Amino acid sequence: MNDPFPFPVKSTCAYCGVGCGIIASKDEEQNIQIEGDPVHPANLGRLCSKGAALADTLDLEGRLLRPEINHQPVDWDSALDKVALGFKEVIETHGPDAVAFYVSGQLLTEDYYVANKLMKGFIGAANIDTNSRLCMSSSVAGHKRAFGSDTIPGCYEDLELADLVVLTGSNAAWCHPVLYQRLVAAKEARPHMTIVVIDPRRTASSDIADIHFAIKPGTDAVLFNGLLTYLNHRDKINRTFAEEFCEGLDKALAAAERSAPTAGAVAKACGLSLTAITEFYEHFEACEKSVTLYSQGINQSSSGTDKVNAILNCHLATGRIGRPGMGPFSLTGQPNAMGGREVGGLANLLAAHLEIDNPDHRDLVARFWHAPQLADKPGLAAVELFEAVETGKVKAIWIMGTNPAVSLPDNSRVRQALEKCDLVVVSDCERNTDTAAFADVLLPALAWGEKDGTVTNSERRISRQRAFLPAPGDAKPDWWIISEIARRLGHDAAFNYATSADIFREHAALSGFENNGSRDFDISGLAELKQIAYDGMLPLQWPVTKNRPQGTTRLFADGRFFRPGGKAALVPVNPQAPVHAPDAKFLLILNTGRVRDHWHTMTRTGKSGRLSAHRIEPFAEIHPTDAERFEINDGNLARLETNWGEMIARVHITTDQQSGSIFVPMHWNKQFASHGLVDALVNPVTDPISQQPELKHTPVRITPFKASWHAFVLTRKRLDINAEAAIATYWAAARGKGFWRYELAGEHDVASKTELMHSLFSAHTFDANWLEFEDTARGSYRGAQLVNDRLEICMFVGSSPELPARDWLQALFSEPTISELNRASLLAGVPPLGQKDAGATVCACFGVGMNTLIDAITNDGLTSADEIGAALSAGTNCGSCLPELKNLLPNAAAREKPRNAA
Ligand SMILES: Nc1nc2c(c(=O)[nH]1)N[C@H]1C(S)=C(S)[C@@H](COP(=O)(O)OP(=O)(O)OC[C@H]3O[C@@H](n4cnc5c(=O)[nH]c(N)nc54)[C@H](O)[C@@H]3O)O[C@H]1N2
Ligand SMILES: Nc1nc2c(c(=O)[nH]1)N[C@H]1C(S)=C(S)[C@@H](COP(=O)(O)OP(=O)(O)OC[C@H]3O[C@@H](n4cnc5c(=O)[nH]c(N)nc54)[C@H](O)[C@@H]3O)O[C@H]1N2
Ligand code: SF4
Ligand SMILES: [Mo]
């Protein structure tokens, strides 16, 4: 049979903003293999654990394959008519501001462009906002205040060329792993390079740091204002650059002086040691080649824009911008966060980096689009958009490529809003997401590997995503779905696209329209790409113009900025405390973020057994002194409560956490845990300039969850857990290789564990195939079902969370039959003599567990990550686990750790 795809197919990874190139090919069994593209400039062949496991996530289980109305399958025409009619009725009765789109940095540029065009140009309101509001909007606002444009000045190579790299509010080792690996390699090659990591927690990224600042949460603006003051006192301001090419130096210096007059004052405000701060400032003074990388620890704050400008000020004041090895660098999160900014996906922007508030820009876009009623004022930003849905101001919402019922703060209120809304339309690839549950209409979108278009990474590099899988079921490209709705709303001519290349050309042409160098975003050099050239397009960094057909590596070294008059601005920054401070009721600070192997709301990574093994449950990391104070035990469950909501999570006690704050990952949701939604607890306060929510800082309290029983279940088939285990107060599910794993706990006392398990899982037949054993003295129950000698399900219940080790039991699911020896051990809950439990997975690529690693290190005397790699392969593929591997080495404690400068 002829394959419709010309394998090997080059594309771009589905996940983070590093934007790694991949190659999809087929092996002899026709299975898809994914490898790093050795010539893609972002990764030169490298992939992280998530990229390396992409092939695990391609099956169609759980996919949304048909349009649905009220969760019943319908044909496309019925679904599209229903959406178009619904929107039309609301617009006619209540005006265009009563409808909204909420879109995503996971859409392709072409999809995003069309969604924005429909809402802002043709519906005539600007109520289109995106999950980038939760992610990048403080950077966008900070860039625009400083540069007059939302420009990333530098490129990835700058990290490798720098003598000082500062990472603040970024856990790149887990969130931008390939870029982090490039940094690690650069430091190995140039050991004099200094790396400073600023994060309230010690993270995997601190592994290569010379100094780790466990900063007091929320105080980065003081630290960077202090740096500006210091540079000024040391007469290290680059007057030529800062005065000739910038405005506002004096005011910025005065504001810095007021809030951070001395390094001592900074040390006090940020909870850090004076020596470490001085050392950092001295390094910055000495190293002209310095790069400051930042991400959500800066952006997701009620004063995130000011924090961004405090960083940009230091680079502008020293003229360290846009030259090799220097510059501020905002790391973008999603694969197409940057593309979304280019097409103006945020409610306060127009397409092609044009401004909705600027009448000339509006006129330009209206003429280019032949738009009948271009929006003339900004629309609602994400948090307020959902508030408007709740109050009924917005009556119809179309959500594309994002899962707001999980990822927006105060999400009980978001759920209420969706519940109340007259018309909720959701375009997604997955059928069962927390948000899809609220949909009146579900529209099936093509997923990664099936869709075709472009994305832009953190260094402005536009790369192609190409399809290498056929469209499954009725799924369609997002741009097609949006264009069909536009046509039904009467806008045929403007949305008459046949391919994504048509849209790309229009987008490129708009970027160059009446531009003449007045706007940073210009890809007019690509406006006439023929289909074949679009199909073969190589990764390129914008601007790409007729004069610069190969793209542009860096901007701003020439001192030309995009503010009126052409100068940059230093912005005076008056550091603000987070809006909600801990109080007598909520004594701790809730910090939230990511884990290495999960992506956001787990709709993709949750399909991979490999990726689900690294962290299997919602967890809360807490410092030992806080744990003692609040009587929390390691490995037990705890309840976390804030003014907005509550959750239950597994406790990890660790000195990596600073006392006074708790870290909880953002990923778990109703599909994977009963009480794992951290955004139910997170406050919805936003930055007044960027409207970005303060996702890293909510006062919280923690109390022990008093479980009277704990259980776990390993089963080949996914359980209908809410129906089957309804009396479990807590459950969490994780996919494994050939099985599902459930952790459960209940608050109510039970007389007999056997009875408990039988009532919990009443859907199962506890017949002769069941082996079971209750040990009343120990308060434990163990049960297993073998079908044709193959393990089907096993469950263990006890009074404490220390149940039998899971990992060797999990391995039994790969065995075609269970041996006599293993059968006996199964109920004992301990591996037979000679077999060992591998322990929790550390290396996802080779599935190497903690116990295996510790055994090899102890018994074979391994002393380095290289030796571990040679012995067990762990860490030799993607390298994402190297920081964790190194921490297991015997000399880890003695090894020069970054000085914790608290
Ligand atoms: N594995 C994985 N990778 C991802 C993603 C994913 O879901 N999983 N998502 C992608 C997306 S969309 C994004 S936006 C990026 C996010 O990438 P990052 O921003 O690196 O990730 P986060 O874990 O959200 O937060 C980073 C760090 O900010 C710290 N922080 C909290 N408060 C403060 C503070 O006051 N000051 C400072 N200096 N630091 C603070 C947190 O402790 C945390 O370690 O990751 C991208 N990459
Ligand atoms: N507490 C807390 N909350 C946070 C954060 C935090 O650090 N802390 N981080 C915030 C940040 S930075 C981000 S970016 C957000 C992310 O939050 P979300 O955007 O809500 O998370 P995802 O799981 O990425 O949701 C993407 C959805 O789109 C679907 N999808 C994927 N590809 C496509 C496609 O091509 N078309 C369509 N139509 N659908 C598709 C997926 O199946 C999934 O349901 O979370 C934010 N929320
Ligand atoms: S770093 Fe990992 S997740 Fe990010 S693009 Fe590269 S392979 Fe994908
Ligand atoms: Mo993000």
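A polar contact, as the term is used here, is a pair of N or O atoms within 3.5 Å; within protein, one atom must be able to donate a hydrogen and the other to accept it, and residues adjacent in sequence count only if both atoms are side-chain atoms. With that idea in hand, let us walk through the structure. It is a predicted model, in which local features need pLDDT of at least 70, side-chain atom pairs count only at pLDDT 80 or more, and totals for chains, interfaces and linings use all residues. Residues are numbered from 1 along each chain as its sequence is written, chains are lettered from A and ligands numbered from 1 in the order in which they are written, and side-chain values use heavy atoms, with hydrogens and water left out.

Let us begin with ligand 1. A residue is near a molecule or strand if one of its heavy atoms lies within 4 Å of it. There are 34 residues around ligand 1, and the closest are Asp199, Gly218, Asp220, Arg594 and His598. Now look for polar contacts. A polar backbone atom of Val595 is 2.8 Å from a nitrogen atom of ligand 1, and a backbone N or O atom of Cys175 lies 2.7 Å from a nitrogen atom of this ligand. Lys50 takes part through its side chain, where an N or O atom is 3.1 Å from a nitrogen atom of ligand 1. The protein covers 99% of the 920 Å² of accessible area that ligand 1 has on its own; accessible areas come from the Shrake-Rupley method with a 1.4 Å probe, and for residues only the protein chains shown count as cover.

Next comes ligand 2, which has 33 residues around it; Ser407, Asp428, Lys451, Thr601 and Asp679 come nearest. An N or O atom in the side chain of Asp478 is 2.7 Å from a nitrogen atom of ligand 2. A polar side-chain atom of Thr592 lies 2.9 Å from a nitrogen atom of ligand 2, while an oxygen atom of the ligand is 2.8 Å from a polar backbone atom of Asn403. Here the protein covers 97% of the 930 Å² of accessible area that ligand 2 has on its own.

Helices (H or I, at least four residues) and strands (E, at least two) are DSSP runs, numbered from the N terminus.

Now for the strands. Two strands pair if DSSP finds at least two bridges between them. Seven of them form an open sheet with mixed pairing, in the order E5-E4-E16-E15-E14-E6-E7. Strand E5 (72-73) and strand E7 (128-130) are its edges, each pairing on one side only. Within the sheet, strand E14 (residues 396-400) and strand E15 (residues 423-428) pair in the parallel sense over 5 bridges, with Ile399 opposite Val426.

Strand E27 (residues 709-715) pairs with E32 in the antiparallel sense over 6 bridges, and Phe712 stands opposite Phe796. Strand E31 (residues 780-787) also runs antiparallel to E32, joined to it by 7 bridges. E31 and E32 form a hairpin with 2 residues between them.

Most residues other than glycine have a negative phi, and most peptide bonds are trans. Asn788, however, has a positive phi near 50 degrees, and it is exposed, with a relative accessible area of 71%. Ser873 has a positive phi too, near 70 degrees, but counts as partly exposed at 29% relative accessibility. As for peptide bonds, the one from Phe7 to Pro8 is cis, with omega near -5 degrees, and a cis bond also joins Trp542 and Pro543.

Technical notes
Buried < 20%, exposed > 50% of the residue type's maximum accessible area, 1.4 Å probe, protein only.
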